[in-house]
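Subject: Structure for your review

Dear colleague,

Please find the structure below. I would be grateful if you could read the notes that come after it with the structure open.

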Amino acid sequence: MATTKTLKNYISETTLTKTENKIADFILNHPNKACFLTSTDIATAAGVSDTSVIRFARALGFLGFSAFQKFLREEHSRTIPSL
């Protein structure tokens with residue numbers, strides 16, 4: 001079975017700036033909420049600019065914020081127990 005890369009894996013493999021660390025902290029502390037927020041919402045909550053959130057997603061290796069958000073939603077869905 002292939003192992004699935006988690007957000008924590010992406011973050012630990014990337015050298016983040018101080019601003020990117022603020023974004024990472026917010027997302028890691030609020031994963032169930034962050035996956036449904038826009039880049040602007042995350043920026044406001046983390047106290048950074050919208051552009052910084054987009055740069056953060058790219059720094060982790062995603063093509064852009066929408067690809068990062070899709071990843072967050074998929075990771076979130078794996079944490080929900082199936083019936």
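Predicted model: local features only at pLDDT ≥ 70, side-chain atom pairs only at ≥ 80, totals over all residues.

Residues are numbered from 1 along each chain as its sequence is written, and side-chain values use heavy atoms, with hydrogens and water left out.

Helix H5 and its neighbours

Helices (H or I, at least four residues) are DSSP runs, numbered from the N terminus. Helix H5 spans residues 50–59, and its axis comes within 10 Å of that of helix H2 (residues 18–29), the two crossing at roughly 85°. Axes here are lines fitted to C-alpha atoms, for helices over the stretch in contact, and angles run from 0 to 180 degrees between N-to-C directions.

On the H2 side, Thr19, Glu20, Ile23, Ala24 and Ile27 are in contact with Ser52, Val53, Arg55, Phe56 and Ala59 of H5; contact means heavy atoms within 4.5 Å. Six of the residues in the contact of H2 with H5 are nonpolar, two are polar and two are charged. In this grouping Ala, Val, Leu, Ile, Met, Phe, Trp, Tyr, Cys and Pro count as nonpolar, Asp, Glu, Lys and Arg as charged, and the others, Gly among them, as polar.

The axes of H4 and H5 come within 8 Å and cross at roughly 105°, so H4 is also roughly perpendicular to H5. Ser39, Thr40, Ile42 and Ala43 of H4 make this contact with Asp50, Val53 and Ile54 of H5. The residues of the contact of H4 with H5 comprise four nonpolar, two polar and one charged.

Ser52, Val53, Phe56 and Ala57 are buried in H5. Buried means under 20% relative accessible area, exposed over 50%, and partly exposed in between, with a 1.4 Å probe and protein chains only. These four residues lie on the same side of H5, because they cover an arc of only 140° around the axis; the arc is that of the directions from the helix axis to the C-beta atoms. An α-helix has 3.6 residues a turn, so residues three or four places apart point the same way.

The buried residues of H5 pack against helix H1 (7–12), H2, helix H4 (39–46) and helix H6 (65–79). On the face of H5 turned away from its buried side are the exposed residues Arg55 and Arg58. Gly61 follows H5 and has a positive phi, near 110°.

In H4, the buried residues are Ser39, Ile42, Ala43 and Ala46. Their arc around the axis is only 100°, which puts them on the same side of H4. They pack against H2, helix H3 (31–34), H5 and H6. After H4 comes Gly47, whose phi is positive, near 75°.

The aromatic cluster

The structure holds six aromatic pairs. Rings of Phe, Tyr and Trp (its six-membered ring) pair if their centres lie within 6.5 Å; planes under 30 degrees apart count as stacked, over 60 as edge-to-face and the rest as tilted. Tyr10 and Phe71 form an edge-to-face pair, at 5.2 Å centre to centre with 80° between the planes. Tyr10 lies in helix H1 and Phe71 in helix H6, so this pair ties together parts that are 61 residues apart in sequence.

Phe56 and Phe68 are likewise edge-to-face, since their ring centres are 5.6 Å apart and their planes are at 85°. Phe56 lies in helix H5 and Phe68 in helix H6, so this pair ties together parts that are twelve residues apart in sequence. Both Phe56 and Phe68 are buried. Ring pairs link Tyr10, Phe56, Phe62, Phe65, Phe68 and Phe71 into a cluster.

Phe71 is buried, with a relative accessible area of 10%. Not counting residues up to four places away in sequence, Phe71 touches Lys5, Thr6, Leu7, Tyr10, Phe62 and Arg78.

Arg73 is found in helix H6 as well and counts as partly exposed, at 37% relative accessibility. With residues up to four places away in sequence left out, Arg73 touches Cys35 and Phe36. Arg73 and Lys33 are 40 residues apart in sequence and 9.9 Å apart in space, C-alpha to C-alpha.

Yours sincerely

How values were computed. Parallel < 35°, antiparallel > 145°, perpendicular 65-115°, else oblique.
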